[in-house]
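This report covers a single protein chain.

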Amino acid sequence: IGTILFINILRLITVYKNFGIHPFSINTLKIVALITGLTFLVQAIPNVENHILNLLVKGSLISVIYIPIVYFSKVSEDINFMIDKSIKILLRRNSD
């Protein structure tokens, strides 16, 4: 892991130095922090004996927390676009 990390850091520095672009932004750090926090939150919840139910409960909890936070904070343009598009499709179906 150390070698891979070292090589990737060298690549990052090379790209930034030669082209002046950086693949990460402050929003990337926000997303990583959110995912880390959600991971600790879900790990704190006791496991259910039924593995499928456990997966459904924890996965649903992550989705219910993650999606609104990312959408309303406008951290990811791609996710906001997908949610807006889905809402328009759902509203169009309900109005017919």
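## Terms and basis

A residue is called buried under 20% relative accessible area, exposed over 50%, and partly exposed in between, with a 1.4 Å probe and protein chains only. By this scale valine 64 is exposed, at a relative accessible area of 60%.

The model is predicted: local features need pLDDT of at least 70, side-chain atom pairs count only at pLDDT 80 or more, and totals for chains, interfaces and linings use all residues. Residues are numbered from 1 along each chain as its sequence is written, and side-chain values use heavy atoms, with hydrogens and water left out.

## Overall form

The protein chain has 4 helices and 0 strands, where helices (H or I, at least four residues) and strands (E, at least two) are DSSP runs numbered from the N terminus. The order of elements from the N terminus is α-α-α-α. The radius of gyration is 19 Å, well over the 12 Å that the globule rule gives for 96 residues, so the chain is more spread out than a compact globule. That radius is taken over C-alpha atoms, and the rule is 2.2 Å times the number of residues to the power 0.38. Along the principal axes, the C-alpha trace spans about 55 × 45 × 20 Å.

Buried residues account for 12% of the 96 residues. The chain exposes about 8,300 Å², of which carbon and sulfur atoms supply 69%; areas come from the Shrake-Rupley method with a 1.4 Å probe.

## Nonpolar core

The largest nonpolar core has 6 residues: Ile31, Leu34, Leu38, Tyr66, Val70 and Val75. Such a core is a set of buried Ala, Val, Leu, Ile, Met, Phe, Trp, Tyr and Cys residues joined through side-chain atoms within 4.5 Å. Helix H2 (26-44) and helix H3 (51-73) are the elements giving two or more residues to this core, and H2 gives the largest share, 3 residues.

Leaving aside neighbours within four places in sequence, valine 70 is in contact (heavy atoms within 4.5 Å) with Ile31, Leu34, Val75, Ser76, Ile79 and Asn80.

Valine 64 lies in helix H3. Its C-alpha is 11 Å from that of leucine 38, a residue 26 places away in sequence.

Lysine 74 sits in the loop between H3 and helix H4 (77-95) and is exposed, with a relative accessible area of 58%. Phi of lysine 74 is near 55°, a positive value in a residue other than glycine. Most residues other than glycine have a negative phi.
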